[in-house]
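Thanks for coming. I will take a few minutes on one model, starting with a single chain and then going on to the contact between chains.

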Amino acid sequence: MAQYRNIFLFAAMALLILLTGFLQSWNSALLILNMGLISAIMSLGVNLQWGFAGLFNVGVMGFVALGGLATVLISMPPVTEAWSAGGLRTLLGLVIGVASLWLTSLAIARLPSGKAKILGIIAGLIVGFFAFRFVFDGGVSAIEAVNPASTGYLGGLGLPILLAWPAGGLLAAGVAWIIGKTALGLRSDYLAIATLGIAEIILAIMKNEDWLARGVKNVIGLPRPVPFEVDLQNNPDFVATASDLGMNAVTASSIYVKLCYAGLFTVVLLLLLWMAQNALRSPWGRMMRAIRDNETSAEAMGKDVTKRHLQIFVLGSAICGIAGAMMTTLDGQLTPAGYQPLRYTFLIWVMVIVGGSGNNFGAVLGGFVIWFFWVQVEPIGGFLMQAITSGMEDGSPLKQHLISSVAHMRLFTMGLILLLVLRFSPKGLIPEK
Amino acid sequence: MDLLNALVALANYVIIPGLAYGSQLALGALGITLIYGVLRFSNFAHGDTMAFGATLSILGTWWLQSMGISFGVLPTALLALPFSILGCIALILITDRAVYRFYRVQKAKPVIFLIVSMGVMFIMNGVVRFIIGPDDRTFSDGQRFIMSAREFKAMTGLKEGLAIKTTQGLTVIAAVIVVAVLFWFLERTRTGKSMRAYADNEDLALLSGINPERVVMVTWMIVAALATIAGTLYGLDKVFKPFTYLLLLLPIFSSAIVGGLGNPVGAIAGGFVIAFSEVTITYAWKKVVTYLVPSEWAPSSLVQLLSTDYKFAVSFSILIIVLLFRPTGLFKGKAY
């Protein structure tokens, strides 16, 4: 019976997207589908951390943004001029910075406590910091001076952008490992605040370090894994096929491109879903759930709780990084100012909770459902407001205010959905078995 | 070498802004810490509660201004404050009744409360944007400065000016009064004592006949009042923007945790620790250093340790350092 229920839920979701296609346009239906696929992947990642292991990560935005950064670092052509101007110097600066931090941590760990230790730590930090700033700042200003209007950064490796997807996962995994190492031994609320903080810091770095990815000047024109619409429109074969199908070439090309993306995303989602399902059923998944349900007894059985937590934290963050790289690929540009915690952290949480935490299919469904409503609340709300205000006279300030505030209905609706699900169906749409 | 001018510059750019910002953080952190102590969860909706309180103050200010009422040299928002506190208390009590009470009866785990507060955060953020829109609002009126840089220069004959904005002075004074009243309440009154007893040991408090629902209600009322005052003062001093209050969550939580979650004295200390570290580390020290060293040593760079965009990194680093070396905070907090 439960099997049929799940199939019914997914079919209903597919129907909603199809309805969008028939009632609004196929372009917007495919946009919802593509972002829904990406949301489903993010939601899988958070579900791995929360549903499997009970880890409270509210830094999803940071890992998603790191995935976006990876697309620039992998796929953009290197700016050779900038590399020769200050590339090595900047890297050397970073090496000095990391080395001084490492030496200081050595001093903390190794030196016997006393005045010498404190002096060593302070000296290490101060000398290291100024050496770092001296070398690093010079390199950075040299790089940023190179043609600032169009480059002014180091560029990337010039590799195919599909490679950026796993690279985004690796980058997010690396950062997650560092955070996990420091914060996972602490209580769950502290982990929440720590991840909230690290996400803001990652964003601050991406906005301000222009040498890395142009900061708020954005990197536009990322390479694409699928053909460009213009090329398709100039391809006589494509135009002929489109007119055979009774479509105009412009619409057909944009739908074709979106379908290509949808195919790629579906492959990634199915792959990750298959892996997550196997992980859930494996002895490893059983151990994870045992740790989640009772840490003390799992520890008594000889399980290394902190190590397992670190493992799953890194894995979940890596999945968010992959999804972030895919999203930036779809957008074709990296805009660090566009990352907002409500949209990229807390909305993903709503997806996991509504879909059903602890169930991978639930997380995927939640990703689609919540994304659908996130997009469609505005037209629905606009329609409602028109209906409510139809009795008021035109041009009255209240009517204008009500109609213009439709744009803010989304947040309210998302909160309401979250609270209603938590209250009346806390296990979500597809509960954990 | 010009010690006096250096001191004035330091006061003008570091000490006064740090005091005002620290007071705002301390008021916010007090709310977080009280909820943590009594209701035992980290309230993610607190930033947006502050935004809601500030919104009510702005609406009140506009209404009073349209009636032609002003508060002389002080901002009109102060007159609106009592009403916005009442409004915020009403909203919070309704929220508690409609949302949180259900989970309290169930004795849900703290992390469930945390997720629920995420939902409340979304709704409050939506409500604030719905009422007042996403734009910046400046609602500070009355006299802008207690003392302007020009007056100070004329008065002392120094080269460096010292400006104290009305809102800065007001923030510090208001914080002192609020904290004094709060501690009097917690230490001296029967209700305050029962709150502390409940926070210390729930079972024992219940045994001695303390009504838990009443304690929770009083806590929410205090928290709503604190949030409204903190939100309004922050909005007066900087600028009101619905989005900034969500970002304030990080320094506020850092303050509460650094001081020791659940410990009111700690929350105040934590607020000032965080505020002063943010201000000193992101301040460009060029001016102060130039006064202090012989003129040929004067620095050509800004002597800024970190750009102001990294102020979150400062509160975050302090948080991590404290958590690693003293997990219960500077003052002993609770660790459930």
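Start with overall size. For 336 residues, a compact globule would have a radius of gyration near 20 Å, and chain B comes out at 21 Å, so the two agree. Keep in mind that this is a predicted model. Along the principal axes, the C-alpha atoms of chain B fill a box of roughly 70 × 55 × 35 Å.

Now the make-up of the chain. Chain B has 13 helices and two strands. Of its 336 residues, 57% are buried. If you take contacts in chain B between residues at least 6 apart in sequence, 75% of them join residues at least 24 apart.

Next, the interface. How many residues does the contact take from each chain? It takes 48 from chain B and 45 from chain A. Together the two chains bury about 4200 Å², and 78% of that is on carbon and sulfur atoms. On the chain B side, F122(B), F130(B) and Y310(B) supply 18% of the area buried against chain A, more than any other three residues.

Which helices of chain B each bring at least two residues to that side? They are α3 (77-106), α4 (110-132), α10 (242-259) and α13 (311-325). The largest share, 16 residues, comes from α4(B). By class, the side of chain B that touches chain A has 39 nonpolar, six polar and three charged residues.

Methods. Residues numbered from 1 in each chain as written. Chains lettered and ligands numbered in written order. Predicted model: local features only at pLDDT ≥ 70, side-chain atom pairs only at ≥ 80, totals over all residues. Heavy atoms only, no water. Contact = heavy atoms within 4.5 Å. Buried area = accessible area lost by both parts, 1.4 Å probe. Helix = DSSP H or I, 4+ residues; strand = E, 2+ residues; numbered from the N terminus. Nonpolar A, V, L, I, M, F, W, Y, C, P; charged D, E, K, R; others polar. Rg over C-alpha atoms; globule rule 2.2 N^0.38 Å. Buried < 20%, exposed > 50% of the residue type's maximum accessible area, 1.4 Å probe, protein only.
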